[in-house]
Amino acid sequence: MTSFTRTGGRAADQLRPVRITRHYTMHAEGSVLIEFGNTKVLCTASVEEKVPPHQRGTGEGWVTAEYGMLPRATHKRSDREAAKGKQSGRTQEIQRLIGRSLRAVFDLKLLGERTIQLDCDVIQADGGTRTAAITGAWVAAQDAVNQLLAAGKITATPILGPVAAISVGIVQGTPLLDLEYVEDVGCDTDMNVVMTGAGHFVEVQGTAEGVAFTRAEMDQLLALADKGVAELVSLQQQSLLK
């Protein structure tokens with residue numbers, strides 16, 4: 001075990017400063033700017049009175065997501081994927097993850113035959129964009145559902161509870177919570193963990209980037225993620241009271 005010094009002297013088990021700003025744009029039913037340190041993601045939730053073909057006639061709704069990065073969200077400009085004519089494999093993988101994560105805490109029958117479309121656009125990337133997107137998208141979805149309830153379109157909330165996500169990893173032998181970019185690119189192990197507010201796992205994505213990790217190290221990382229997600233869920237709930 002080595003000692004790794006983090007930016008600003010942040011503790012190994014400490015989140016970056018998290019800010020959740022609701023009603024960030026005026027048109028969407030739910031609109032949230034979420035910030036994990038220098039990572040900033042705009043999450044909007046739109047309600048559509050239709051469902052994809054596989055849900056038609058089932059009486060159930062659908063929750064889905066799209067994800068993208070602005071050209072200068074990173075250190076160097078990247079071309080818009082629309083200009084390339086196709087999405088990258090990374091983009092497709094992340095937006096499917098966001099959709100799966102949100103559906104894990106939805107009762108689609110209570111939503112009725114309508115869709116909540118989540119759009120997560122990275123304004124600035126400094127590590128953890130997918131985890132910030134999931135955490136912010138849930139708050140945006142909650143605002144969209146509240147509008148449906150207020151309009152009398154549904155009689156009970158379809159949201160079963162919170163969901164949030166965080167990254168963890170091992171850098172120079174030290175398990176860390178909420179990796180920023182310089183930590184992410186130099187880590188030996190990288191893991192993204194999605195959990196519900198009840199502490200149940202929705203998805204665990206773990207990879208040995210450099211050195212294979214042990215079961216004991218994996219348990220350490222999952223314990224860090226559990227702590228981080230619990231803090232994020234508390235921040236989500238606080239944001240909804242504002």
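Here is how our chat about the terms went.

Modeller: Ground rules: this is a predicted model, where local features need pLDDT of at least 70, side-chain atom pairs count only at pLDDT 80 or more, and totals for chains, interfaces and linings use all residues. Residues are numbered from 1 along each chain as its sequence is written, and side-chain values use heavy atoms, with hydrogens and water left out.

Colleague: Why does Gly128 count as buried?

Modeller: Buried means under 20% relative accessible area (exposed is over 50%, partly exposed in between; 1.4 Å probe, protein chains only). Gly128 has 15% relative accessibility, so it counts as buried. Arg130 is buried too, with a relative accessible area of 15%.

Colleague: What makes Arg130 and Glu93 a polar contact?

Modeller: The term needs a pair of N or O atoms within 3.5 Å; within protein, one must be able to donate a hydrogen and the other to accept it, and residues adjacent in sequence count only if both atoms are side-chain atoms. The side chains of Arg130 and Glu93 are joined at 3.1 Å, so the pair qualifies.

Colleague: How do you know that Arg90, Gly128, Thr129 and Arg130 gather at one spot?

Modeller: UniProt lists those four under "binding site" in an unreviewed entry, and such annotations may be inferred rather than shown by experiment. They span 41 residues in sequence, yet no two of their C-alpha atoms are more than 13.5 Å apart, so they gather at one spot.

Colleague: And which residues does Arg130 touch?

Modeller: With contact meaning heavy atoms within 4.5 Å, and residues up to four places away in sequence not counted, Arg130 touches Arg90, Glu93, Ile94, Leu97, Asn192 and Gln205.
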